Amino acid sequence: MFKPKAPHSAKSPQSSWLSLANLKISQLPQRPRAYQYNSLPSRYHIRYLVLEPGRGQEPLMCNLYIAALTERPSFEAISYVWGSNKKVAKVSCAGQTIRITANLRDVLRRVRLPNSQRALWADSICIDQENMEERGDQVALMGQIYRQANRTLICLGPDNGQGHDVASLVADINQRINYQQEEFGSWDHVPSLDQEDPIAQDQRWGCLKNMIVCPWFSRVWVVQEAALATEARILYGPTELAWRDLIQVKVWLILKAKLIWFKYRLFLNDIHHQDFWTTRTEQTKLVGALARAKGLGCADPRDRVYAFLGSPNAQVGPDNRLILEPDYSKHYHYIYHDLAEQWLRQTRDLSLLSAVDHTDETFKSDIPSWVPRWDCVVANDQLGLHNLRFNASRGASQAGLSFTSKASLRVRGFIVDSVHFRSEVLPGAIPMALVALWGHLPGSGQNVLYAFWRRLPLRIQNLSFALSGLISDQNNVFGTIWKYISEPTTKSAYNDGERLIAFARTLRTEAQDENHSAFTADEASFGLQLCRESSCFNGVNMTALEKVAQGGDDGAFKSHAMVWYVNRRFIFTDAGYYGLAPQITQEGDVCCIINSLRVPVILRKTEKEHYYKLVGEAFILGLMEGQAIENAEKWGLKEQDIILC
């Protein structure tokens, strides 16, 4: 027979307090202690974690171990995006707790094995982030860590069900590449993709586009993590594919399938190309890599330098010493200055100046104008770093650089001209509304805007371009320039019948020469459209232009040219030369050829004689092949000291 429970006896409040008071501290529930890092024995030791097995949402558990890199511990390195800095998740380590970000929690769950341990290296856990000295030492070792890892796991996050399509497409293109190389013998003989080829219409390209706009591809640190790996595997949702296969597809798109590359905007940063990390050539120097990476994001501007110290190109001078040691106690302004100074002292290589590209804000800052701001994105590319066909200082004496003070750099060169006219900022890479916003943002804001634009779905980008065209036609800017420079009364360094082709060649940064003075079909199509829309036909033989334009593509011309002209200004000099110059160029700035520099630069005078501020590099049609040096006596030019401050 069921008996009801006796009622609980009611205790007075006083007796309850007495009961609590008699409890021992050890009997009360305890919060797990935050993990206490043991100091590393030396700057050449690392920690790695051993992740315990588990499934799904089960708690994450690990242990940390210390080893010298010389012992070659066995581990896999994780490459991922931190995301938010808020550490809202945790991993249990030796009975203590390490707080981690939500992104790292998801990554660890993705790579955790169900039935066995896995040895891993993840920066957020394996480096004591609160110890600035250790952080600097470990950053200096990052290159070695990723080189020595058994393999690198590139964790992109969820795939929205598209990972399988991406993997199958990458596999199909690699199979095609291998077959064509066997058939034709080399890349050079492999034909470009026919636009009627079914692969050009394959819907899987849209899936690949969605993958390469994952945040991972827009971050600075991941570049060396993938490039230095012995073997790198991409984890995209439940799908895995080889990093090397993806890069092979990128190269194929650029060399053999540009129509797909442009249609889907599969613009994977060139910095991911292996050559930046495995060779030491003119085209892969450190400053080139830093410049390529300007559009990538990072939380700490110091990492725009530190993230590339693992490259062999970061070892400079006769002793091949690391150009600088990471030091997180220094402000990034001093780091950029130190890097520039050490580069020039150790290499005597003035190509560094081509990486200088200012906003109004950076130009007025306390850093010398000749120091590149790696945290600031303005132009898409650098003429003097990646276009080795130019040689504006050919025939000049050696550079002869020296420092008159820590802030002042003395070089030799020729003042050849002055800026008479500057256009509006030339648009094209993003819609006009964003171009207008771009110019008013600081460097960090520009990086955010650029990353936001790249991650927009392709259909939204296309819609933005279409709406942008309704609001402000790009051709209106070109039409205004053309009306001005085509006037017979406007002084020109080119023959009257060559002004249109000179304008087109300037936008494409194609140096004009006697063997290539005729329009290409695309240039003619652009010129024809320009004349018609502006109703300006001065000095143009329209009949001949229409004939050459047959089969040409005005859009293709702009797509290729905008790589160089976007976010620059068209300039017209006192002597009548056309050029592309930095966004902050003003009328009255001077054009200069600096000895040993491949491209002209724009300088701004200061109150002190021979002292100038460096505005940035320029393309000036007719001065890109050493013409100013060759004609120095005839034009009355004299070599002089130029002190950049």
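**The sheet and its neighbours**

Reply: In this predicted model, nine strands come together as an open sheet of mixed pairing, in the order E5-E4-E2-E1-E6-E3-E7-E8-E9.

Me: Which are the edge strands of this sheet?

Reply: An edge strand pairs on one side only.

Me: Over how many bridges do strand E8 and E9 pair?

Reply: Strand E8 takes in residues 232–236, and its Tyr236 stands opposite Thr239 in E9. The two strands pair in the antiparallel sense, and the number of bridges is four.

Me: What angle does the direction of H8 make with that of E9?

Reply: H8 packs on the sheet, where it touches strand E7 (152–157) as well as E8 and E9. Its direction and that of E9 make an angle of about 65°.

Me: Is H8 largely enclosed by the rest of the structure or largely open, and how many of its residues are buried?

Reply: Buried residues have under 20% relative accessible area, and in H8 they include Trp243, Leu246, Trp252 and Lys256. Because the buried residues of H8 make up such a share of its 14, the helix is largely enclosed by the rest of the structure, and their number is 10.

Me: At what angle do helix H20 and helix H23 pack?

Reply: Ala504, Leu507 and Arg508 in H20 meet Phe557, Ala561, Trp564 and Tyr565 in H23. By class, this contact has six nonpolar residues, no polar ones and one charged residue. The axes of the two helices lie 7 Å apart, and the angle is about 60°.

How values were computed
Residues are numbered from 1 along each chain as its sequence is written. This is a predicted model: local features need pLDDT of at least 70, side-chain atom pairs count only at pLDDT 80 or more; totals for chains, interfaces and linings use all residues. Side-chain values use heavy atoms; hydrogens and water are left out. Buried means under 20% relative accessible area, exposed over 50%, partly exposed in between (1.4 Å probe, protein chains only). Axes are lines fitted to C-alpha atoms, for helices over the stretch in contact, and angles run from 0 to 180 degrees between N-to-C directions. Contact means heavy atoms within 4.5 Å. Ala, Val, Leu, Ile, Met, Phe, Trp, Tyr, Cys and Pro count as nonpolar, Asp, Glu, Lys and Arg as charged, and the others, Gly among them, as polar. Two strands pair if DSSP finds at least two bridges between them.
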